[in-house]
Amino acid sequence: MARSNPGLLLGLLLLRLNWCLAVDGGGAEEGGGVFPVVVSTWPFREAVRAAWDVVKTGGAGGSAVDAVVAGCSACEELRCDGTVGPGGSPDEKGETTLDALIMNGKTMEIGAVAAMRYVKDAIMAAKLVMEHTGHTLLVGEKATSFAISMGLAGPTNLSSPESIEKWSNWRQNNCQPNFWKNVAPAGNCGPYHPINIPKDPVKSAVWENQGITCQEWLQNDNLLEPTSSHFNSVNRHNHDTISMAVIDKMGHVAVGTSTNGATFKIPGRVGDGPIPGSSAYGDDEVGACGATGDGDIMMRFLPCYQVVESMRLGMEPRDAAVDAISRIARKYPDFVGAVFALNKKGVHAGACHGWTFQYSVRNSSMQDVEVITVTP
């Protein structure tokens, strides 16, 4: 029988030991040991604390998914900035509806609800979609029916005295500002109809004979402002989302969002909140991203998907965040929005356009939640 080679055996033993350390080391950042980590848009400290309380517990800690649900649920209950949860952001009819999303970065499963009525627990409803259906997104009253059938409380009036008062004041101001464009009449509460500039020369001649030319239409006060007119009214108190990312002690990533959407939106409008890759995105292999701002614009670019994929290709979080925002700003210089980026090592950064952005962070090296300010 051949004699054993002591050097070879020692080498194999060390290789085995190193492999076990790499696997079992799980969540620790190289040289940092910052896991778990929680990041959220805005100074939503209580939401971050609620997520932290879940993810820090026990030997292995709570799961990233459960922590995201806890954090977003806290914001829904606190009605953060009046833009999350029930009682805020009435639509044109005075009703509050909810959007939410949750994503498991380990399995890439997603659950979301949009324009959901009469159920206040939006993030929980999204989690039910993820865990108990093969779908990704449920909308409207059917989302409501699903959530109630799965045990969530409802039907519940999602309006509040504050939201009704806000809506009443807006009505008294002739429903201004609003999200309509290229419609008539402007300056009041509608109903509206589209302004169609005819391309048919015969129809154009008829219009001109009636004393209405294209140029007159364009100068007429019945036209609303250009497409970008509503951008100046976008701010964190009428057009916002909580977007949260968590990396748990095992290094697993989860992201989630919750919002009641844009104030005075057209009924049926769905923003970026429940859209995967727009408001949030996460992947265990790379990291996570959260976004906030003018969702109608941002969802056209899927900025969080862009951030995560840029980090996958080697970009640092700050560069990936800046790149994603700059892609939108090149096409829409007046847009307002922001993203945070979090890589799988726990390194985080943010970027914004059109406003000063803040995001909240808690990791194992901190005594409490810290708020980071990002300027354009």
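Residues are numbered from 1 along each chain as its sequence is written, and side-chain values use heavy atoms, with hydrogens and water left out. Since the model is predicted, local features need pLDDT of at least 70 and side-chain atom pairs count only at pLDDT 80 or more, while totals for chains, interfaces and linings use all residues.

D121 sits in the loop between β3 (109-116) and α4 (122-132); helices (H or I, at least four residues) and strands (E, at least two) are DSSP runs, numbered from the N terminus. Its relative accessibility is 15%, so D121 counts as buried (under 20% relative accessible area, with exposed over 50% and partly exposed in between; 1.4 Å probe, protein chains only). Setting aside neighbours within four places in sequence, D121 touches E76, M116 and L152, contact being heavy atoms within 4.5 Å.

On the aromatic side, rings of Phe, Tyr and Trp (its six-membered ring) pair if their centres lie within 6.5 Å, with planes under 30 degrees apart counted as stacked, over 60 as edge-to-face and the rest as tilted. That rule gives 8 aromatic pairs. Take Y281 and Y305: their ring centres are 5.2 Å apart and the planes meet at 75°, so this pair is edge-to-face. Y281 belongs to strand β9 (residues 280-283) and Y305 to helix α10 (residues 303-312), so the pair ties together parts 24 residues apart in sequence. Y281 is buried at 12% relative accessibility, whereas Y305 is partly exposed at 37%. Elsewhere, ring pairs link W42, F340, W355, F357 and Y359 into a cluster.
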